Each structure stands twice: as structure tokens, then as C-alpha cells.
Amino acid sequence: MDIVETFSSPTLRTLQSAKHRDDLHPALDELCARYGLSHMTFLVVCSGGRSGLYPDYCTTYPGKWTEIYVDKRYFDIDPVIDVIRWGFLPVDWSSLDRRSAQAYRLFKEARSYNIGPHGLTIPIRGSKGERCLFSVSSNLPKRDWSRLRASSIHELQILSHYLHETTLSASGLREVGRYRTLSRRETQCLQLLATGRISKQIAADLGISENAVKLYLRSARIKLSAATSYQAVAKASFLELIKI
């Protein structure tokens with residue numbers, strides 16, 4: 001799946017027009033349909049020092065399951081929440097520790113509401129101390145889920161950071177700040193990275209060295225206060241500095 005196709009209208013326009021929390025749910029529904037996923041959830045684990053806002057989330061899960069999850073404080077025992085401590089890389093739910101009786105009951109109850117059994121969670125760390133999780137789930141057979149995950153993981157990583165910017169802005173947790181202007185080369189490198197090109201391929205496309213590409217991507221991350229290149233691409237797109 002080509003990321004240019006994935007983020008084409010109307011999906012990207014839906015995200016760009018999400019000015020309030022109520023606008024986010026239709027965007028997630030549309031993205032689930034586009035990717036062939038069962039559900040998507042964006043959870044603000046830590047809002048960067050602001051109190052009284054946790055848990056803040058947007059999800060396509062059935063309302064009854066969300067109500068049960070919150071009322072029973074499953075946040076405190078859900079192994080998915082621990083993914084926030086694992087760094088920046090996506091974590092497949094199959095690698096989570098479900099050996100405790102509490103975790104086993106949690107996933108069993110989730111399946112009764114058509115959640116899973118397969119899923120992927122991507123941790124996001126914002127420049128203001130935010131800690132968020134973007135999760136997707138699927139009811140596909142295991143082999144089909146593996147193919148879907150492999151073909152979509154690049155897009156989902158960028159999407160997770162785009163949703164991070166959109167959700168925090170729409171929820172009033174983040175004011176869109178100003179960022180230093182990207183150079184032509186920085187913009188080109190981010191634009192090509194968004195299409196799935198790696199540094200070596202970007203270097204060949206632009207006729208520059210691979211080290212130069214890495215330097216341009218690093219300087220773009222610094223200018224955009226982004227922790228990763230995926231986050232830089234998402235921020236640049238969110239700010240309409242690049243088009244994807």
C-alpha cells in the first residue's frame with residue numbers, strides 16, 4: 001500500500017478538519033475501513049504535566065466495552081499500557097505478557113466485545129512530555145493479520161504521530177506552535193521518506209550522499225522538535241510543510 005494513496009483525500013482532509021474531539025471518531029472510523037482494521041484507539045497516557053486529564057482517549061471500540069474498561073480501571077492492569085515504557089517501536093500484542101490472571105481475563109473479556117484477537121500498539125513521545133499510545137486491532141486470521149501488519153506498519157507509524165498532533169490540538173492539550181522553516185533539502189528528504197523511501201534511496205533520488213540525507217533528516221527533526229523521523233514527517237504534514 002502506497003502512503004500517498006493511504007493519506008490521500010478524503011482521509012487526510014478528515015484529519016486536517018478535526019478541530020474538536022467530536023471530529024476525531026469519524027476520522028478513526030474512516031481509517032479503519034481504509035486499512036481493513038477492526039478498531040483504532042488513541043490514548044493520552046501522560047499529557048505533559050497537566051493534571052486531571054487522564055485518561056483522555058478517542059476510540060472506535062464499542063461504547064459498552066469502553067465503559068467497562070474505564071469503570072474497572074483496566075488501565076492499571078492492561079499490558080498494552082506498558083508499551084509506553086518500551087521506546088518508540090511498534091509492539092505486536094502477541095509479544096505481550098498475558099500470563100497473569102488479570103491480564104488473561106482482560107483479553108478474554110475484550111474478545112467477547114469483538115476486540116482483537118490481534119493488535120499492534122505504537123508508543124508516541126511528544127516534545128512537551130506527552131506520552132501517548134496508538135493501537136489498532138484486527139479479527140483477521142493470523143496469517144492475514146501478519147500480511148496486513150507488514151504492509152501497513154510504515155503508514156501506521158506516520159499516522160500515529162499525525163493523530164498525536166491532531167488529537168492533542170483538537171482536545172485543547174496542545175497549542176500549535178511555530179517551527180523553524182525547513183530548507184528545500186530537508187523538505188525533499190521528508191517528502192520522500194513519507195513515500196517509504198529509505199536513506200539510500202533518497203540519496204539516489206536527490207543525487208546526494210546518504211550521510212547528507214541523514215543530516216538533513218536530523219536537522220528537520222530538530223527544527224520540528226520531533227523525536228523520530230516518523231514524527232517529523234507527521235508534524236511537517238500536519239503543519240502543511242509537506243504534502244503527502
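1. Strand E5 (residues 130–138) is largely enclosed by the rest of the structure, because eight of its nine residues are buried (under 20% relative accessible area with a 1.4 Å probe, protein chains only; exposed is over 50%). Helices (H or I, at least four residues) and strands (E, at least two) are DSSP runs, numbered from the N terminus.

2. The model is predicted: local features need pLDDT of at least 70, side-chain atom pairs count only at pLDDT 80 or more, and totals for chains, interfaces and linings use all residues. Residues are numbered from 1 along each chain as its sequence is written, and side-chain values use heavy atoms, with hydrogens and water left out.

3. Strand E4 (residues 118–125) runs antiparallel to E5, joined to it by eight bridges. In this pairing (at least two DSSP bridges between strands), Arg125 stands opposite Arg131 of E5.

4. On helix H5 (residues 101–112), the buried residues are Ala103, Leu106, Phe107, Glu109 and Ala110. They lie on the same side of H5 because they cover an arc of only 160° around the axis, taken from the directions from the helix axis to the C-beta atoms. Tyr104, Arg105 and Ser112 are exposed on the face turned away from the buried side. After H5 comes Asn114, with a positive phi near 70°.

5. A search of the whole structure finds one cavity of 30 Å³ or more. The largest cavity holds about 370 Å³ of space. Among the elements giving two or more residues to its lining are H5 and E5. A cavity here is a set of points on a 1 Å grid over the protein atoms alone where a 1.4 Å probe fits but cannot get out; lining residues have an atom within 4 Å of a point.

Notes:
Expected span 1.5 Å × (residues − 1). 1 Å grid on protein atoms, 1.4 Å probe; cavity = no way out; pocket = protein on both sides within 12 Å on 5 of 7 lines; lining within 4 Å. Points joined across faces, edges and corners; volume = space filled by probe spheres on them.
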